[in-house]
Amino acid sequence: MAKVTGFMKRKRKFSAFEFVLLMVVGQMSMVHPSLSGMVEAVRAKISRVALHLRFTAQAAEFLLACLKMVLEYSVRPARITPSALDAFKRVHIFDSSSWDINPGLKQVLPGSGGGASDANCKLQAGYEYKSGSLGFFAVTEGIKPDQAYSNRLVDFVEKDDLMLTDLGYFKLSVFQELTAKGVYFLSKLLIGTTLRNAGTSEKIDLGATLRSFIGNILEINVIMGNDKHHVPCRLIGLRVTKQVANARRRKLRKEAEKKGRTPSKNHLALCDWTLFVTNASSEILPVNIVLSLYRLRWQIELIFKQLKSVLRVHSSNTTKEYRLKCEIYGKLIMAVLIHGIHSSLNANMWTTRKMEVSFDKLYKRIQERAFSLLQNMLLTVATAVKHFFREINRLAIACIKTRQPSRKTTLELLEDTHAFLLP
């Protein structure tokens with residue numbers, strides 16, 4: 001850390017601490033962050049132009065080091081522990097989100113071009129559900145596919161962890177590595193993947209198998225892939241309603257029409273099913289928990305929603321690479337801090353009252369107090385932080401999720417589903 005603080009040497013009274021506060025707390029407190037607004041917020045003896053010149057490679061490196069440090073210390077001992085997840089040490093959810101940026105940065109963060117954007121930024125992120133901690137941040141060009149990061153995910157999980165991902169990360173070699181490491185995975189099946197019967201090694205015609213199946217739940221032990229990528233797992237099929245199936249077929253036809261194609265009859269028939277693959281046994285991952293468990297993936301979608309709607313991580317019109325990175329790293333630091341707070345509050349509320357704290361409400365309540373927090377921290381950090389946490393504890397009740405008996409949360413469903421399975 002000491003090596004990267006040299007960029008803040010200056011003649012005017014503006015410190016590295018004030019710079020970090022502006023990037024982390026200051027941006028959140030401003031509806032439309034600007035250099036002029038930031039200078040006014042800290043009331044420092046620095047001009048707008050002088051602040052502009054502080055966005056350097058060293059400044060971006062400094063904030064990235066701060067982000068890594070916060071991530072390292074963000075895991076809380078407080079944990080959400082529904083009985084259905086007892087078999088898993090941790091439950092990791094990985095996903096990405098991208099957004100267009102100023103075309104002037106197309107050489108740094110290129111987009112797809114053509115009818116899409118010239119410049120695009122993608123954020124890779126992970127969320128560990130049981131501890132409520134964020135991690136695995138990588139800011140890259142938008143044209144880089146998620147599959148390019150699949151191999152890196154293996155380094156973030158340990159034996160007896162469960163990993164939930166969408167089809168963007170589907171990669172047989174990664175599933176093979178996870179299994180060898182003693183890590184469980186749950187993923188939707190990528191249509192077209194080679195499947196063989198685990199008992200006979202005969203190739204499975206998935207379309208014919210599903211068309212001839214009468215029930216609503218299909219479960220088969222299969223082997224995905226070929227001799228090079230040999231992944232033993234369970235194939236789980238859940239039949240959907242006609243309304244859902246027809247909506248899927250309409251979407252499939254529309255997407256195929258855009259590409260000048262016609263979807264196959266087999267692919268259209270598969271719309272009647274939601275198909276999962278997992279290397280977890282039925283003893284630790286019963287079939288009637290699968291859908292509720294996979295719905296946990298929406299937690300990270302909600303996080304991305306708050307990153308954009310509240311922290312406005314996608315809102316920057318600068319053509320300067322290092323200013324963009326400073327702004328993004330600062331906002332990510334704030335997100336990690338908020339989730340550290342959420343983790344403690346949520347675990348306490350669930351343990352004591354069987355209630356959950358809303359991401360959306362907590363982000364907004366903290367945003368409402370961000371400017372006051374910024375001003376107080378510039379005076380005395382200890383007093384400001386003490387006041388802030390006293391305020392957060394008071395607001396915890398106001399951030400509780402509204403309960404709808406007819407529409408249970410995923411956590412409630414996991415508890416109820418597991419209770420249903422007990423003898």
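**Helix packing and cysteines in a predicted model**

Me: In which hand does helix 12 pass helix 13 in this predicted model?
Reply: The axes of helix 12 (residues 321-353) and helix 13 (residues 359-368) come within 11 Å. Where helix 12 passes helix 13, the crossing is right-handed.

Me: Are helix 12 and helix 13 oblique or roughly parallel to each other?
Reply: Their axes cross at roughly 120 degrees. Angles of 65 to 115 degrees count as roughly perpendicular and those over 145 as roughly antiparallel. Helix 12 and helix 13 are therefore oblique.

Me: Which residues of helix 13 make the contact with helix 12?
Reply: From helix 12 the contact takes Met334, Ala335, Ile338, His339, Ile341, His342 and Leu345. By class, the contact of the two helices has nine nonpolar, two polar and no charged residues. On the helix 13 side, the residues are Phe359, Leu362, Tyr363 and Ile366.

Me: How do helix 1 and helix 12 lie to each other, roughly perpendicular or roughly parallel?
Reply: The axes of helix 1 and helix 12 come within 8 Å and cross at roughly 70 degrees. An angle from 65 to 115 degrees counts as roughly perpendicular. Helix 1 and helix 12 are therefore roughly perpendicular.

Me: How many charged residues does the contact of helix 1 with helix 12 have?
Reply: Helix 1 passes helix 12 in a right-handed crossing. Helix 1 brings Phe19, Met23, Val24, Val25, Gln27 and Met28 to the contact, and helix 12 brings Cys326, Glu327, Gly330, Lys331, Ile333, Met334, Leu337 and Ile338. By class there are 10 nonpolar and two polar residues, and the charged residues number two.

Me: Which helices do the buried residues of helix 14 pack against?
Reply: In helix 14 (residues 370-379), the buried residues include Ala370, Leu373, Leu374, Gln375 and Met377. These pack against helix 1 (16-29), helix 2 (35-42), helix 13 and helix 15 (381-395).

Me: How many disulfides does the count come to?
Reply: A disulfide needs two cysteine sulfur atoms within 2.5 Å. For cysteine 121, the nearest cysteine sulfur is that of cysteine 326, 13 Å away, and cysteine 121 is in no disulfide. The count of disulfides comes to zero.

Me: Is cysteine 121 buried or exposed?
Reply: Buried means under 20% relative accessible area. Cysteine 121 has 0% relative accessibility, so it counts as buried.

Me: Is cysteine 233 buried or exposed?
Reply: The cut-off for burial is again under 20%. Cysteine 233 has 6% relative accessibility and therefore counts as buried.

How values were computed:
Residues are numbered from 1 along each chain as its sequence is written. This is a predicted model: local features need pLDDT of at least 70, side-chain atom pairs count only at pLDDT 80 or more; totals for chains, interfaces and linings use all residues. Side-chain values use heavy atoms; hydrogens and water are left out. Axes are lines fitted to C-alpha atoms, for helices over the stretch in contact, and angles run from 0 to 180 degrees between N-to-C directions. Helices (H or I, at least four residues) and strands (E, at least two) are DSSP runs, numbered from the N terminus. Angles under 35 degrees count as roughly parallel, over 145 as roughly antiparallel, 65 to 115 as roughly perpendicular and the rest as oblique. A crossing is left-handed if the near helix is turned anticlockwise from the far one by less than a right angle, and right-handed if clockwise. Contact means heavy atoms within 4.5 Å. Ala, Val, Leu, Ile, Met, Phe, Trp, Tyr, Cys and Pro count as nonpolar, Asp, Glu, Lys and Arg as charged, and the others, Gly among them, as polar. Buried means under 20% relative accessible area, exposed over 50%, partly exposed in between (1.4 Å probe, protein chains only).
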